[in-house]
Amino acid sequence: MLKKQGGLRMRTKISNLLMLFFLVFTLAGCGGGSNSTSSEIIDGEQNSDTAEPMESENESVSNVEEEQRTLRISIGVNDKHPEYEGAMKFKELVESKTDDFNIEVYHSGQIADDRSAIEMLQFGTLEITIPSTSPLVNFVREYGVFDLPFTISSGEVADKVLDGPFGDKMLELVESQNLVGLAWWENGFRNLTNSVRPVEKVEDLKGLKIRTMENEIHLDAWRELGANPTPMAFTELFAAMQQGTVDGQENPYPTIELSNFYEVQDYLSGTGHVYTPFIFLFSKSVWDELTPEQQTIISDAAVEAGEFNRIRNREAAEESLEALKGFMTFSEISPEEHKRFQEKILPVIEKHKSNIGEDIVEEFLTELEKYQ
Ligand code: TK8
């Protein structure tokens with residue numbers, strides 16, 4: 001028995017040792033050794049269920065330094081608009097090249113309207129906004145060149161001027177306002193809507209309360225044409241039309257359709273009176289905190305996403321016009337009437353040339369003449 005017992009005791013010892021050995025190795029395995037393949041990243045977050053090796057003091061500090069930085073983009077149009085598509089393309093491009101940033105896109109003026117968003121960039125309380133150039137005139141008066149009616153004749157001409165030396169010069173001008181101009185996107189050719197009457201000739205505008213962007217040139221142009229203009233942030237526009245505070249507004253076809261303006265407007269006129277760019281702006285105080293590599297990734301993505309946005313915007317302009325003809329009474333403006341619109345507002349162009357800067361206006365018009 002003893003022997004048996006002795007043998008039993010021995011077997012018990014061996015099995016206890018084996019158990020102990022197994023236990024020690026199992027616990028070690030749970031320690032998620034440095035070569036653990038079980039740790040996985042889900043949606044940019046370290047999966048908390050996966051135990052990680054204890055890090056030295058230095059390693060944990062370096063992780064903090066490498067922590068992702070969130071860059072928020074504020075735009076005024078909604079998430080159906082080609083500008084939102086461009087912003088999501090920008091997010092995709094940046095996040096595919098580096099883990100340094102988490103890009104968040106806020107549409108429909110959730111954070112701010114154009115002018116307020118520009119001011120937030122100046123204070124460094126917002127990183128990116130992509131406004132129309134028109135509100136920017138309140139910060140950089142030379143941007144008024146883009147508000148001179150009937151100057152840019154097509155998207156292709158706009159691309160040539162904006163992607164050339166003149167466009168580069170205009171982007172540099174915003175630095176004085178603690179802003180960095182990175183790329184030209186497209187808002188597009190602006191067309192008039194109203195809820196009172198069809199507008200086919202200049203006289204039809206008489207007395208119409210037209211909302212304009214916060215821009216003196218637009219206000220003066222509509223006054224000169226006989227309308228009664230009022231400046232307003234884009235975020236307030238739909239309610240103002242719904243309540244009858246204004247009779248009409250002017251925007252590119254995609255904005256008119258995708259913002260559902262046809263629900264509160266009956267008449268659409270193909271005036272095409274101004275081509276408005278969108279400009280991709282970055283807060284300079286935030287920009288200066290980035291490394292040259294990070295700046296290059298962001299700048300390249302802003303340009304590439306802008307090319308994508310322009311293509312999508314031109315497709316949308318055709319699609320939206322066809323859709324709007326089903327919802328609204330559409331008036332073509334004849335070439336003769338277009339000429340009368342242009343002649344009528346010549347005094348406005350002359351008046352604002354000095355406010356914008358005679359030289360920059362001449363440079364702009366000379367550049368345009370190369371292509372149209
Ligand atoms: C959107 C605005 C809008 C502009 C306007 O943020 O205010 O009418 O055309 O697109 O920039």
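Mentor: The residues of the shell around the ligand divide into four nonpolar, four polar and three charged, where Ala, Val, Leu, Ile, Met, Phe, Trp, Tyr, Cys and Pro count as nonpolar, Asp, Glu, Lys and Arg as charged, and the others, Gly among them, as polar. This is a predicted model, in which local features need pLDDT of at least 70 and side-chain atom pairs count only at pLDDT 80 or more, while totals for chains, interfaces and linings use all residues. Residues are numbered from 1 along each chain as its sequence is written, and side-chain values use heavy atoms, with hydrogens and water left out.

Trainee: Which residues are around the ligand?
Mentor: Among them are G76, V77, D114, N187, M213 and F278, each with a heavy atom within 4 Å of the ligand.

Trainee: And how far is an oxygen atom of the ligand from an N or O atom in the side chain of S132?
Mentor: That distance is 2.7 Å, and for the side chain of R190 an N or O atom is 3.0 Å from a ligand oxygen; a polar side-chain atom of R211 also lies 2.7 Å from an oxygen atom of the ligand.

Trainee: How much of the ligand does the protein bury?
Mentor: The protein buries 99% of the 310 Å² that the ligand exposes when taken alone, with areas from the Shrake-Rupley method and a 1.4 Å probe.

Trainee: Changing topic, where is E104?
Mentor: E104 is in strand β4, residues 101–106, and its C-alpha atom is separated by 8.8 Å from that of S74, 30 residues apart along the chain.

Note on methods. A polar contact is a pair of N or O atoms within 3.5 Å; within protein, one must be able to donate a hydrogen and the other to accept it, and residues adjacent in sequence count only if both atoms are side-chain atoms. Helices (H or I, at least four residues) and strands (E, at least two) are DSSP runs, numbered from the N terminus.
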